[in-house]
Amino acid sequence: MDRDVRPALDGGLTVRPLPDTVRATASWMTAHPAAVRQGGLDPADEAAILGEWQAVRDR
C-alpha cells in the first residue's frame, strides 16, 4: 500500500522515530488505564466470521 504523504508533511506533520512513539504510547496507557480499550472481536463474532470465510475458501 502506498500513500503520498507529502501534503501532510507540507502541512506541518512531523514524524518521530518508532521507539519514541512506542514509549509515549506506553506511558500514556499507564497514566490513563481507564481510557485504554481492548481491541479485537467478541469470540462468538470471530467464530462466525471465520466460519463464513472457511465456507467460501473451501468452495
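Let's start with Arg 23 and Asp 20. Their side chains meet in a salt bridge, 2.7 Å from N to O. The term here means a side-chain nitrogen of Lys or Arg within 4 Å of a carboxyl oxygen of Asp or Glu. Both residues sit in helix 2, which spans residues 18-31. They are 3 residues apart there, so about one helical turn separates them. Helices are DSSP runs of H or I with at least four residues, numbered from the N terminus.

How exposed are the partners? Arg 23 is exposed, at 52% relative accessible area. Asp 20 is partly exposed, at 32%. The cut-offs: buried is under 20% relative accessible area, exposed is over 50%, and partly exposed is in between, with a 1.4 Å probe and protein chains only.

A word on the source. This is a predicted model, where local features need pLDDT of at least 70 and side-chain atom pairs count only at pLDDT 80 or more, while totals for chains, interfaces and linings use all residues. Residues are numbered from 1 along each chain as its sequence is written, and side-chain values use heavy atoms, with hydrogens and water left out.

How many salt bridges does the rule give? The count is 3.

Next, Arg 6 and Asp 4. Their side chains form a salt bridge at 2.9 Å, N to O. Arg 6 is exposed, with 55% relative accessibility. Asp 4 is partly exposed, with 44%.

Then Arg 57 and Asp 58. In this salt bridge the closest N and O atoms are 3.1 Å apart. Arg 57 is partly exposed, at 47% relative accessible area. Asp 58 is exposed, at 55%.

Back to helix 2 for a moment. Ala 24 lies in this helix. Its relative accessibility is 30%, so Ala 24 counts as partly exposed. How far is Ala 24 from Asp 4 in space? The C-alpha atoms are 26 Å apart, and 20 residues separate the two in sequence.

Now the nonpolar surface. Which residues make the patch? Val 5, Leu 9, Leu 13 and Val 15 make it, and the area is about 360 Å². Patch residues have over 30% relative accessible area and no salt bridge; nonpolar side chains (Val, Leu, Ile, Met, Phe, Trp, Tyr) are joined within 5 Å, like charges within 9 Å. Areas come from the Shrake-Rupley method with a 1.4 Å probe, and for residues only the protein chains shown count as cover.

Val 5 is partly exposed, with a relative accessible area of 42%.

Technical notes: Helices (H or I, at least four residues) and strands (E, at least two) are DSSP runs, numbered from the N terminus.
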